[in-house]
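Please open the model in a viewer and keep the selection panel at hand.

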Amino acid sequence: MNIILRLAWRNLWRQPRRTWLTVGAMVFSNALLVFMISIQFSTYELMIDNTLQAFTGHIQVQAPGYKDDLKMRQVVPDVIELASSLRRELGTETIAARAAAFALASSEERSYGLQIYGVETQFESFVSTIPGLVRDGRYLKDQDAAEIVIGKVLARNLRVSLGDEVTLLGSGRDGSFAAAIATVVGIFDSGVPDIDRSIAEVPLGFFDDVFYMEGAGHQIVITAPDLISVDPLKMQTEALVPASLAVHDWDALQPSLKQAIQADLGSAFFMYGVLVILVAFSVLNTQLMSVLERTHEFGITMSLGIAPGRLGRLVFLETAMMGLLGLVLGALIGGVVTVWFGYTGFSYPGMEEMAVNFNLPSRFYPQASILTLFLGPTIVFVGGMFAAIYPALRLHWLHPVEAMRAAP
Amino acid sequence: MRALAVVSMLAWRNLWRNHRRTIVMVSAITIAVWAMIFMTALMRGMVNDMIRDGIRALPGHVQVHHPDFRDDPSINNLIPMSDAALTAAFSRSDLDGWSSRVKVPAIISSERESRGVTLIGVDPELEQSIEGIGSNVAEGRNLEDVNDGGVIIGRKLAEKLDTELGKRVVLMSQDPDNEIADRGYRVVGLFEANLELQEEIFVFAGKATLQKMLGIENQVTEVAVLAADYRDVSDETEQVRALMNGDVEVLPWQELNNYLGSMLKVMDGFVLVWMIVVFLALSFGLVNTLVMAVFERVREIGLMLALGMRPASILGQIIVESILLLIIGLILGNTLAWASVVPLQDGIDISAVAQGMEMFGASSILYPELTLDDIVLANVVVLVLGFFASLSPAWRASRYEPIEAITKV
């Protein structure tokens with residue numbers, strides 16, 4: 001082993017209690033950071049997946065302004081042709097056209113306002129989880145049938161079951177009165193009361209008839225295989241659709257999602273920052289003491305001709321060793337805790353009520369990854385190294401002769 | 001008493017023997033205390049704001065409904081007491097504010113657009129005592145009385161409907177026989193709310209006008225009652241329960257909105273956990289400092305023991321030293337926290353993530369709230385845990401064998 005390395009290592013263990021306490025501070029913070037960051041990152045992933053895959057998709061083609069105003073007359077003309085040409089050009093099936101309208105749905109006993117979507121029956125299941133969530137009956141099949149699929153809560157509130165008829169009243173694309181009768185063929189249960197209460201789907205052809213859409217729709221939904229491929233897919237799509245249409249990615253469609261994550265990250269990073277600073281102070285104190293204690297010794301080595309810079313490097317090396325020890329142990333303990341909770345799930349009182357708001361399950365199963373394992377500990381390590389700057393610099397101000405007079 | 005004075009003086013002087021170490025430690029404590037209080041003030045501000053906004057959206061801290069109404073907000077789930085009977089019952093009670101409402105799902109249509117909304121028929125006079133979102137009319141006028149033929153809608157909804165003040169809109173809902181009931185209303189006022197969603201879904205009309213349209217004269221779907229302190233509404237809930245006859249559900253807001261209700265509880269837990277975590281991160285440095293301080297003075301401590309100082313006094317001295325250190329840090333930390341919260345009293349603008357905050361139910365301006373309870377909690381956590389953390393080094397110091405200690409190099 002290199003002599004400097006050995007020297008640094010031995011110096012650390014002159015005061016084992018002090019070294020262990022400093023390493024302990026690092027291990028504590030690191031383990032906590034690993035666990036918290038793992039939970040956060042897996043939560044964000046879930047939030048994005050659950051929210052987008054339910055209905056929104058990763059990319060949508062719409063008329064400009066539609067996403068903010070949701071007005072009936074902001075349409076994508078010839079939506080079915082455009083969707084099928086996109087499927088052909090992009091070489092993927094996960095594209096589907098939709099049209100949307102507000103309508104009053106009435107059963108024999110009850111009436112409720114809801115958002116009705118006209119969907120391409122054979123493609124909708126590629127862009128949304130709702131077709132797969134039909135618990136009673138079946139999903140829509142025929143493109144022109146007078147059929148409707150509604151959520152569980154709505155079915156209960158309207159007091160309808162499979163085979164019952166629902167009257168739809170609303171306004172068509174041109175503002176005229178639109179009315180139709182549709183048969184309930186399926187009831188879905190997404191587990192999110194808001195979706196189950198307020199969304200209904202009908203075949204696009206039928207929708208076109210009822211709301212006088214004349215072949216137009218409101219959105220073409222595209223699902224990407226993963227988040228990373230969203231950007232290139234969006235660029236490809238932009239090149240394929242007429243310039244009069246807008247292509248939005250999920251950030252733009254659901255700004256609340258990304259911003260909720262950013263807001264959460266912001267407050268989390270403040271907290272993590274505090275932990276890192278406290279650990280850095282601990283290191284500063286330890287290294288400062290250890291340098292001051294060795295004033296006499298450093299005086300001797302300097303008068304023997306060793307440059308202060310080399311001694312400074314020794315101090316850094318000692319700090320790095322301590323930091324590495326904290327990093328490895330912290331990541332290890334944090335990783336074990338994370339993996340443990342990844343199996344058993346993690347929950348705290350009150351979380352269930354909060355989780356529903358973000359389309360999340362009531363138990364978290366944190367996933368450890370290289371990133372979540374080493375992000376926090378690496379920052380703590382770097383913070384510790386910064387803290388060693390002042391103690392190391394002090395060596396440059398040391399006068400060998402005076403230093404040797406200090407008590408050994 | 002004198003013994004304590006001597007011990008304190010000794011402890012104080014010992015602290016400044018190694019002023020660098022003490023300064024580093026005091027800085028760490030200051031930052032920790034600041035972070036505890038500052039973060040708590042921000043979170044408290046956010047949560048309290050959310051709860052206030054949330055309560056404004058379902059105005060009234062205690063609400064009465066038909067037992068099925070919340071799951072199935074239908075006109076058929078009316079409160080079994082007549083409006084007149086309710087008025088009689090509530091005017092006898094000593095509750096501060098109350099209001100009865102008709103709340104139904106409806107569709108609002110302008111010339112161009114239709115939207116699903118929650119239509120609320122209110123008595124403007126009763127509603128004033130509750131201060132719901134509808135009373136925050138930014139443009140136009142408020143509803144004048146129960147027979148008012150106008151509606152107040154949110155600014156956002158007006159935008160989406162392409163309509164404006166003075167124009168007519170049609171509201172459509174169902175009557176108890178499931179016949180479509182509709183009526184034209186003039187938009188007489190636009191209200192503003194902190195959360196956009198609230199501006200989109202609530203429409204306010206005169207209670208009597210709406211009752212006539214729906215054919216449910218003298219009947220309501222909801223009674224809302226204001227409580228003195230929103231944190232604890234159990235007294236008011238009991239009072240209201242006693243006033244009601246028949247099959248009704250009386251619930252406090254915590255249960256009406258689980259998310260907000262649990263938020264308050266989660267927040268209290270979070271504050272404590274946050275403070276303890278910060279303290280633990282700090283405690284390693286604190287114990288370290290004390291261990292070093294004792295280690296440096298082994299001979300001295302041995303000498304004091306040999307001269308007849310009792311071990312208890314040594315123990316006390318180290319603990320006093322630790323507490324003094326913490327107190328200096330606390331004074332600085334509290335001051336820093338106060339000094340950093342005061343300039344932020346007018347709110348921190350975080351509108352960059354406004355829609356994300358709305359997902360949490362919070363608005364885009366954060367008002368930090370410094371409460372005495374939280375400050376006391378932070379100080380107590382630091383002092384109590386600090387005391388326990390310093391026990392071990394202090395105990396070791398008091399257990400030295402005098403002869404061994406003196407001869408230690």
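Select chain B and display its C-alpha trace. Chain B has a radius of gyration of 31 Å, whereas a compact globule of 409 residues would have one near 22 Å; the radius is taken over C-alpha atoms, and the globule rule is 2.2 Å times the number of residues to the power 0.38. The trace spans about 100 × 45 × 30 Å along its principal axes. This is a predicted model, in which local features need pLDDT of at least 70 and side-chain atom pairs count only at pLDDT 80 or more, while totals for chains, interfaces and linings use all residues. Residues are numbered from 1 along each chain as its sequence is written, and chains are lettered from A and ligands numbered from 1 in the order in which they are written.

Now colour chain B by secondary structure. Chain B contains 15 helices and 12 strands; helices (H or I, at least four residues) and strands (E, at least two) are DSSP runs, numbered from the N terminus. Of its 409 residues, 48% count as buried, that is, 20 or more other C-beta atoms lie within 10 Å of their own, against 12 or fewer for exposed residues and values in between for partly exposed ones, with C-beta atoms placed from the backbone.

Next, select residues 2-54 + 261-407 of chain B as domain 1 and 60-256 as domain 2; such bounds come from an automatic or database domain assignment. The centres of the two domains, taken over C-alpha atoms, are 50 Å apart. Their contact takes 5 residues from domain 1 of chain B and 8 residues from domain 2 of chain B, two residues being in contact if their C-beta atoms, placed from the backbone, lie within 7 Å.

Show both chains together. Where do they meet? The contact takes 53 residues from chain B and 55 residues from chain A. On chain B, the elements that each supply at least two residues include α2 (19-57), β2 (97-109) and α10 (258-296). The largest share of this side, 18 residues, comes from α10(B). By class, the side of chain B that touches chain A has 28 nonpolar, 15 polar and 10 charged residues. Here Ala, Val, Leu, Ile, Met, Phe, Trp, Tyr, Cys and Pro count as nonpolar, Asp, Glu, Lys and Arg as charged, and the others, Gly among them, as polar.

Turn to chain A, which has 17 helices and 10 strands. Its radius of gyration is 31 Å, well over the 22 Å that the globule rule gives for 408 residues, so chain A is more spread out than a compact globule. Domain 1 of chain A is 3-51 + 257-405 and domain 2 is 59-223, with C-alpha centres 52 Å apart.

Select residues 16-56 of chain A, helix α2: its 41 residues should span 60 Å at 1.5 Å a residue, and the end C-alpha atoms are 57 Å apart, which agrees. The expected span is 1.5 Å times one less than the number of residues. After α2(A) comes G57(A), whose phi is positive, near 75°.

Finally, zoom in on α4(A), residues 79-90. Which of its residues are buried? V79(A), I80(A), L82(A), A83(A) and L86(A) are. Seen down the axis of α4(A), they fall within an arc of 165°, so they line one face of the helix; the arc is that of the directions from the helix axis to the C-beta atoms. These buried residues pack against β2 (95-106), β9 (219-222) and α9 (230-240) of chain A. On the other side of α4(A), E81(A) and R88(A) are exposed. G91(A) follows α4(A), with a positive phi near 65°.
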